[in-house]
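Let's take a walk through this protein together. Have a look at the sequence and the fold, and then we'll go through a few spots one at a time.

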Amino acid sequence: MGLAFQHYQCRFRILDSFGTEPAFNLGTYARSHGYNTLWGSWRLQPLQYMTMFPHTPDNSFLGFVSEKAMVEQEEREEEVEPGPYRKDNTAVVYGKQDYMWQGKGRYLEVISQELETHGTVYQPPGHSAQLPSNIINHGLLAQDQFLQLLRRAKVFVGLGFPYEGPAPLEAIALGCVFLQPRFQPPRSSENSDFYKGKPTTRQVSSQHPYAEEFIGKPYVWTVDMTNTTDVQETVRAILRTEVKPFTPREFTSEGMLERVHAYITHQDFCSVSFPTWPPESALRIQLGPLGQSCVSVCRRASLVCEPALFHHLNNPAAFTRLGLSCSSIDQEVDNHLFPAYSPWGRRCGLQRERLLFSCAGSDPVHRRLCPCRAYRAGQVALCPECL
């Protein structure tokens with residue numbers, strides 16, 4: 001678009017599957033601080049990037065609707081006589097290509113000892129998928145056939161890849177328990193080819209962090225895939241547990257419309273003024289420990305980081321409010337960790353570039369000032385004061 005991009009850039013919304021953190025978004029900063037990638041450097045306000053899951057609060061969580069399967073299930077149940085909710089002792093494995101199964105034999109063997117295990121792996125014409133002999137493979141199924149298989153299954157088994165897809169939410173909406181591997185160490189751009197080059201420093205702790213953090217037990221169980229005892233005990237615990245179909249409100253039609261309406265009503269990226277939404281009354285200031293991001297600091301307080309509230313902390317009074325005495329105040333250095341406090345020399349840093357306000361990022365010499373807020377049950381994008 002050339003120069004026209006600058007004229008219209010405040011009106012764009014970017015669909016961004018895995019998120020773009022502020023350090024990657026500002027081209028001059030990214031190039032001078034080692035954050036330059038093929039993605040990013042658009043110099044947008046970070047909240048203009050809209051993500052599939054709430055990966056990073058620096059971006060706006062758009063999401064999607066995942067209740068169609070649940071509605072179909074309810075319609076089917078109305079057609080039969082009322083009775084206890086029933087599931088077969090079967091598992092369906094999440095992985096449509098056989099390379100995803102490689103190295104997972106022992107993990108799947110333990111699961112197969114407790115549950116009849118099914119796969120939906122693509123088989124090229126004239127070839128069979130290279131799967132363990134105890135797996136019942138249906139081949140690549142159409143979506144309605146796949147959902148039919150999930151309706152009768154007790155467990156949906158994650159193999160570690162694909163990362164953060166919609167299928168686990170579809171399975172949970174049909175009454176399955178999602179069993180997924182924990183990543184030790186977490187996956188990131190430093191140790192994963194998949195995340196390498198993406199404009200994020202996220203540390204991904206499991207195959208589906210949203211399911212782990214925002215849904216959790218009894219619908220989501222996260223295990224060490226290499227610890228067969230842990231896997232076996234977890235599967236047996238799942239078999240003793242009964243769950244009903246469940247969809248988080250933010251992934252229902254009503255929840256998504258509520259969220260999108262709030263964005264359309266309150267987000268104004270063309271204004272030169274600081275944002276007034278969420279309101280300042282939502283702010284819960286937290287002083288982070290050394291080496292922690294504001295994402296982690298807020299999460300540990302059962303809150304979420306809200307980048308639109310950073311400007312309320314970007315002044316000397318905020319340090320005083322937290323009981324910090326500044327020997328000097330630095331606002332001449334670009335640093336996406338600011339506002340922050342360094343105990344060595346009692347140095348306080350203020351943010352001079354508003355596009356660098358960032359919930360992500362940490363280092364061992366700064367304690368970050370974090371703008372946290374509460375969130376509504378089942379609607380992490382909105383605070384109690386937001387509507």
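Helix α9 covers residues 228-239, and at 1.5 Å a residue its twelve residues should span 16 Å; the C-alpha atoms at its ends are 17 Å apart, which agrees. Keep in mind as you go that this is a predicted model.

Which residues of α9 are buried? They are V231, T234, V235, A237 and I238. What they pack against is α5 (105-114), β7 (155-158), β8 and β10 (220-223). Back at the start of α9, a side-chain oxygen of N227 comes to within 3.2 Å of the backbone nitrogen of T229.

Strand β8, one of the packing partners of α9, runs over residues 177-187 and holds Q180. Q180 counts as buried because its relative accessible area is 0%, under the 20% cut-off. Leaving aside residues up to four places away in sequence, Q180 touches several others, including Y107, G158, W221 and V223.

Now for another glutamine, Q48, found in the loop between α3 (27-33) and β2 (49-51). Is Q48 buried or exposed? With a relative accessible area of 2%, Q48 is buried. Its side chain reaches the backbone oxygen of F12 at 3.0 Å. F12 is also among the residues that Q48 touches, along with Q9, C10, R11, R13, I14 and F269, if you don't count residues up to four places away in sequence.

Next come the disulfides, and how many are there? The count comes to six. One of them joins C298 and C372, with the sulfur atoms 2.0 Å apart. The torsion about that S-S bond of C298 and C372 is about -80 degrees, so this disulfide is left-handed. C298 lies in helix α11 (residues 294-300) and C372 in strand β16 (residues 367-373), so the pair ties together parts 74 residues apart in sequence. Both C298 and C372 are buried.

C305 and C359 make another disulfide, at 2.1 Å from S to S. The pair links distant parts of the chain, 54 residues apart: C305 is in strand β12 (residues 304-305), and C359 is in the loop between β15 (347-349) and β16. C305 counts as buried at 3% relative accessibility, and C359 does at 0%.

Finally, C383 and C386 form a disulfide with their sulfur atoms 2.0 Å apart. The link of C383 and C386 is right-handed, with 90 degrees about the S-S bond, and both cysteines are buried.

Methods: Residues numbered from 1 in each chain as written. Predicted model: local features only at pLDDT ≥ 70, side-chain atom pairs only at ≥ 80, totals over all residues. Heavy atoms only, no water. Helix = DSSP H or I, 4+ residues; strand = E, 2+ residues; numbered from the N terminus. Buried < 20%, exposed > 50% of the residue type's maximum accessible area, 1.4 Å probe, protein only. Polar contact = N/O pair within 3.5 Å; in protein donor to acceptor, adjacent residues only side chain to side chain. Contact = heavy atoms within 4.5 Å. Expected span 1.5 Å × (residues − 1). Disulfide = S-S within 2.5 Å.
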